[in-house]
Each structure stands twice: as C-alpha cells, then as structure tokens.
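This report describes how two chains are built and how they meet. Please consult the sequence and the coordinates alongside the text.

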Amino acid sequence: MKTNKSEFRTGLKDGIPIALGYFAVSFSLGIVMVAANISAVDGAVMSLTNLTSAGEFAGVRIIAAGGTLIEMVLTQFIINLRYSLMSLSLSQKLDESVTFWKKLIIAFGNTDEIFAVAMNHQKSLTLPYMVGLQSLPIVGWTAGTFLGAVASGLMPERVSIAMNVMLYGMFIAIVVPVAKKAKPVMIVASIAVGLSSLFYFVPFLKEISAGLSIIICTIAAASIGAVLFPIKDNAEEK
Amino acid sequence: MNIYIYILVMAVVTYLIRMLPLTLIRGKIKSRFIRSFLYYVPYACLMAMTFPAVFFSASSMLAAIAGVIVAIILALKGKGLMTVALAASITVFLVSLIPGLI
C-alpha cells in the first residue's frame, strides 16, 4: 500500500513538466478551435477524450470543413498510428502486477511525452505510477484547451507562439542526453531528422501528410538502428 | 453533423490504436530485431516530429534556431525537461522581440 502511494507520487512528480508543456500547447489548440467555431466546452471535451495534439489539430480542420466520418477515421488512424508502436514498446516494460483491466486504463493516456518519460523510468511500470504520471498532463491538456479558447484574442500572439516551442524543447531534452551516452541512438535520431527533412522539403514527398511521414521516418530510422545496432539481451531493462 | 459524433469517432479510433497493442501482446517479445526496433522507436519518432518542424514554429526562423541551440546545450548539460523547455521558449520570446526580425 505504501509503495503504491509512493509510486503514484513519483508518477505525479514526473508528470509536472509534461502537464506544463501540454497546458501551453493546448492553449494554442483552444485558439485554433475558436477560429473553427468550436466552443470552449466542446473543445475541452475533445481534449479530455482524445489527448493527442496532431490528431486533434487535424480533427478540428475536418470538422471545420464539414468532412465525412470516413475521412475522420482515416486521418486519425494515420496520424495516431505511431501510438500503436509506443503501446507495443510500453507493453514490454509493464510490471507483472499489471492485469488486463489495468492495461485498459494505462492505454488511455499513452501520449508521446508520457510514453517517453515512462520508458526513461528506472523501474518496471506499475498502475499507480502510470496513473500518477498521466493525471496532471490530462488536466493540463484539457484546462489549457478550455482556457485557450476562452482567452482567445486576449493574449499577445508573440507569447503564445513562444509557448509552442516548449513542446519541442521537451522532445530535445528527452533525446539529447541519451544520444550523448549511446552513439547508436544518436545515429538513429540523426537518420530520423534527415528523413523527416526530406519529407518536409522535397517536392512530391512533401505532399505526404505530416502524420504519415512521421510513421515512415520512425519505422525506417528504427529499423536501420535495429539492423546495424541490435541491443544486447538485457539492454532494454535499464 | 453534431460535433459530438466527430469527437466520439476521434476518441474511439485513437483509444483503440493505443489499447489493442498494449492488451493483445502477452509476455516478452523474443525477436531481438523487434526488441531493438522498439527501443529506437521513441527517439526516432520524437526527432522526426521535432525537425524540421520546430524551425517553422516561431514567428522567425532565427528565433526558433536560437531556441533549439539553447535547448540542445542545456540538454547536453543534463538539465531537466522543464528547464530545457522553458529556456527554449523564453529564448524564442526574447529573440522575437528584437526589432527588424520577422
């Protein structure tokens, strides 16, 4: 019982920076929603139930254009497919105490950042830790969306734009220290950056949606890494 | 169409993508290739999402580049997520205040 409590607390603490980053990013998401005629409450419900930046941005665009549900399903599937890779990784790191029903809860909040922090956690993942880790980011993401929609137009654009960069800063903070220690990670990360730049700038390739290009870059770079630098048998159980 | 139908569809698709691989896979994966692949996925994915998009996320590319450089330096020094994220954001804000930069 006591360990559950401390696991939960550790999770909460690890979730604070994510929650702050989410608050900033979802704030700008709320501003985008208002422009698409989505109310603050509807936007907050979307954020609470979806918890995905790229997916929601795309969803808002489809709603604004009055798109079909098929279009919505396909777009969400492609943009969010990377989460299935992350869930697959996560399933390998779960504690033996995590049963089927507990997995149903953990799956809900498996976002990019929560996944990255969970994989960096030094121990196997328990339900109390994961619930602690997810709670504040969920609150931050939902509250940020709501307040962004409400405050839309009141805030200087320069401030909200600068807040956007926080999310990328967090990504950099997750990858760089590992890449510094492990050369294969640095090479895989560099390959991913190179491929992603190709998809961004090269004509024809740049027609491919952002969600799909992330999937392709991730699969290609991680496969090259797995072929060139297979991990040792217990390397993933840090 | 009611917006809640859209939201429901989005939420269900996204949840299934997250839930199915987590619940269907039992036990440890034996293939060394797949375990290696999964180890590299987060780093590849985060970097593919960050670059080059980050350079176009601020009001000027110079501000974004400054933010990225500050983030990388602090991350190399082993600073925490929050410090790095805030410093990058503040750098972008300060550089964007310099007159004449668009």
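Helices are DSSP runs of H or I with at least four residues, numbered from the N terminus. In that sense, B:Tyr40 belongs to helix α2 of chain B. The model discussed here is predicted.

**The two chains**

Chain A contains 11 helices and zero strands. From the N terminus on, its elements therefore run α-α-α-α-α-α-α-α-α-α-α, and the radius of gyration of chain A is 19 Å, close to the 18 Å that the globule rule gives for 238 residues, so chain A is as compact as a globular protein of that length. Chain B has four helices and zero strands, in the order α-α-α-α along the sequence. For chain B the radius of gyration is 20 Å, whereas a compact globule of 102 residues would have a value near 13 Å.

The following table sets out further values for each chain.

| Chain | Box filled by C-alpha atoms, along the principal axes | Residues counted as buried |
|---|---|---|
| Chain A | roughly 50 × 50 × 35 Å | 50% of 238 residues |
| Chain B | roughly 55 × 45 × 20 Å | 49% of 102 residues |

Contacts along the sequence can also be described for each chain. In chain A, residues 24 or more positions apart account for 79% of the contacts with a separation of 6 or more. In chain B, 46% of the contacts between residues at least 6 apart in sequence join residues at least 24 apart.

Chain A is divided into domain 1, residues 2–173, and domain 2, residues 182–238. The centres of these two domains of chain A, taken over C-alpha atoms, are separated by 22 Å.

**The interface between the chains**

How many residues of chain A are in contact with chain B? There are 82 residues of chain A in contact with 60 residues of chain B. On the chain A side, α9(A) gives the most, with 20 residues. By class, the side of chain A that touches chain B has 54 nonpolar, 21 polar and seven charged residues.

Helix α9 of chain A (residues 157–181) packs with helix α4 of chain B (residues 81–97): their axes come within 7 Å and cross at roughly 145 degrees. The crossing of α9(A) and α4(B) is right-handed. Residues of α9(A) that make the contact include A:Val159, A:Met163, A:Met166, A:Met170 and A:Ile174, and those of α4(B) include B:Leu81, B:Val84, B:Ala88, B:Val92 and B:Phe93. The residues of this contact divide into 16 nonpolar, three polar and one charged.

A further helix pair joins α4 of chain A (residues 69–80) to α1 of chain B (residues 3–24), with axes 9 Å apart and an angle of about 35 degrees. The crossing of α4(A) and α1(B) is right-handed. In α4(A), the residues A:Leu69, A:Met72, A:Val73, A:Gln76, A:Phe77 and A:Asn80 meet B:Tyr6, B:Val9, B:Met10, B:Val13, B:Thr14 and B:Ile17 in α1(B). By class, this contact has nine nonpolar, three polar and no charged residues.

Leaving aside residues up to four places away in sequence, B:Tyr40 touches A:Val188, A:Ala221, A:Ala222, A:Gly225 and A:Ala226. Is B:Tyr40 buried or exposed? A residue is buried if 20 or more other C-beta atoms lie within 10 Å of its own. B:Tyr40 has 26 other C-beta atoms within 10 Å, and therefore it is buried.

**Backbone features in the loops**

The peptide bond from B:Phe51 to B:Pro52 is cis, with omega near 0 degrees. B:Pro52 is placed in the loop between α2 (32–50) and α3 (61–76) of chain B.

In chain A, A:Asn37 has a positive phi of about 65 degrees although it is not a glycine. A:Asn37 is found in the loop between α1 (2–35) and α2 (40–50) of chain A. Because A:Asn37 has 11 C-beta neighbours inside 10 Å, it counts as exposed.

A:Phe204 is not a glycine either, and its phi is positive at about 75 degrees. The loop that holds A:Phe204 lies between α10 (183–201) and α11 (210–228) of chain A. With 6 other C-beta atoms within 10 Å, A:Phe204 is exposed.

Technical notes: Residues are numbered from 1 along each chain as its sequence is written. Chains are lettered from A and ligands numbered from 1 in the order in which they are written. This is a predicted model: local features need pLDDT of at least 70, side-chain atom pairs count only at pLDDT 80 or more; totals for chains, interfaces and linings use all residues. Helices (H or I, at least four residues) and strands (E, at least two) are DSSP runs, numbered from the N terminus. The radius of gyration is taken over C-alpha atoms; the globule rule is 2.2 Å times the number of residues to the power 0.38. A residue is buried if 20 or more other C-beta atoms lie within 10 Å of its own, exposed if 12 or fewer, and partly exposed in between; C-beta atoms are placed from the backbone. Two residues are in contact if their C-beta atoms, placed from the backbone, lie within 7 Å. Domain bounds come from an automatic or database domain assignment. Axes are lines fitted to C-alpha atoms, for helices over the stretch in contact, and angles run from 0 to 180 degrees between N-to-C directions. A crossing is left-handed if the near helix is turned anticlockwise from the far one by less than a right angle, and right-handed if clockwise. Ala, Val, Leu, Ile, Met, Phe, Trp, Tyr, Cys and Pro count as nonpolar, Asp, Glu, Lys and Arg as charged, and the others, Gly among them, as polar.
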